[in-house]
Amino acid sequence: MSWKTDFEHAMNEAPFQKVKWWDGWERTWHGMSKWRGPKGRPVALMLHHTAGASTTSKDPDHNGNKCSADNGQANFVWRHPSYSSPASQFLIRRCGQLDIFAYLPCYHAGSGNFTSKPWTQFNIPKDSFNSYGMGVEIVSKGQKDDLTAAQWNTLGELYAALGNICHWEKWDEGWVRKHTPRHKDWTSRKIDIQASRDKTETKIKEQIQLWDGKVPDFAALAKAHHDTSLKSAAAHRMAQRLHDLGYYKTDVLPRYDQGFPLKAWENYLRDRTPGMFEPGGPGNIYGHKSHDSVWLLPKGTTNPDGSVNEQDHHEQ
Ligand SMILES: [Zn+2]
């Protein structure tokens, strides 16, 4: 599929709390109509802070952490006044909302290089990061490491969604670090972001790493759903995924001890009002690459919502 189709699909189906697509996101900026990474995809997501915010508080109830408090920051990044173009592809508000401004290259990295740094393997020519990687502006005053839990969550989900469609090697050691250079890793002119490399990697991994990336055997899972005492590897993976998403609060048990995480699953469904297979719906829990083959089961099997399939659903 095309980059644009993949991008739209991935963003719509990732479990973000809230997303806003801004006017003009489909446009080409400054004539840069293609990514120069392998297969025409970005190689990384550069982390920036806005150096402006309403608060440094991490308290989600603080007025400065309401989504609307960051409207001004979002407006600025949408159209940087010096270039009349987006100043990054994304912005993450302090409330966790993701704002999307572009899917093609734009100006955000400026001059710099990865000479003698862990990112040399991308072979990005000096001053050319913009053609190779996306950027995310995270709303923060930038004087200290003050990102909210909601921002780290969204960053983790954004990272996972992009990694999937950009073919970043997923569960390798160092995977996160490799694909999330901070702006200051590119140039000593900059101080963003304030969080250390170790912390950044840990926080992103907290969001994405527990699930092993394998889609459960859903025939087994559908069975487990109706018999919660049944232990199965599928239930184990489901529990891991729900844990990653914040719905399963206790420790996930080893694969042969884990029953179906019924309560967490119900809570997850409660937050997902769209239909089963619509973007954002529960059928998308494992992401767009899997949901068609995962949730459409053969004739006579029971779907996780309790309905029985009256005909075969062929995998795609
Ligand atoms: Zn920056």
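At what angle do helix α1 (residues 3–13) and helix α4 (residues 149–165) pack, and how far apart are their axes? The structure examined here is a predicted model, in which local features need pLDDT of at least 70, side-chain atom pairs count only at pLDDT 80 or more, and totals for chains, interfaces and linings use all residues. Residues are numbered from 1 along each chain as its sequence is written.

The two helices pack at an angle of about 150°, and their axes lie 10 Å apart; axes are lines fitted to C-alpha atoms, for helices over the stretch in contact, and angles run from 0 to 180 degrees between N-to-C directions. Helix α1 is therefore roughly antiparallel to α4, a term applied to angles over 145 degrees. The crossing of α1 and α4 is right-handed (the near helix is turned clockwise from the far one by less than a right angle). On the α1 side, Asp6, Phe7, Ala10 and Met11 meet Ala161, Asn164 and Ile165 of α4, where a contact requires C-beta atoms, placed from the backbone, to lie within 7 Å. By class, five nonpolar, one polar and one charged residues form this contact of α1 with α4.

The protein chain contains eleven helices and five strands, defined as DSSP runs (helices H or I, at least four residues; strands E, at least two) and numbered from the N terminus. Strand β2 runs parallel to β5 (residues 133–138), to which six bridges join it, and His49 stands opposite Ile138 in β5.

Gln97 occupies the loop between β3 (90–92) and β4 (98–100). This residue is buried because 21 other C-beta atoms lie within 10 Å, the threshold for burial being 20 or more within that distance, with exposed residues having 12 or fewer and partly exposed ones falling in between. Beyond residues up to four places away in sequence, Gln97 touches Gln17, Lys18, Lys20 and Cys67. The C-alpha atoms of Gln97 and Lys18 are separated by 4.8 Å, although the two residues are 79 residues apart along the chain.

Over the protein chain of 316 residues, 42% count as buried. Of the contacts with a separation of 6 or more, 63% join residues 24 or more positions apart.

Terms used:
Contact = placed C-beta atoms within 7 Å. Parallel < 35°, antiparallel > 145°, perpendicular 65-115°, else oblique. Nonpolar A, V, L, I, M, F, W, Y, C, P; charged D, E, K, R; others polar. Pairing = 2+ DSSP bridges.
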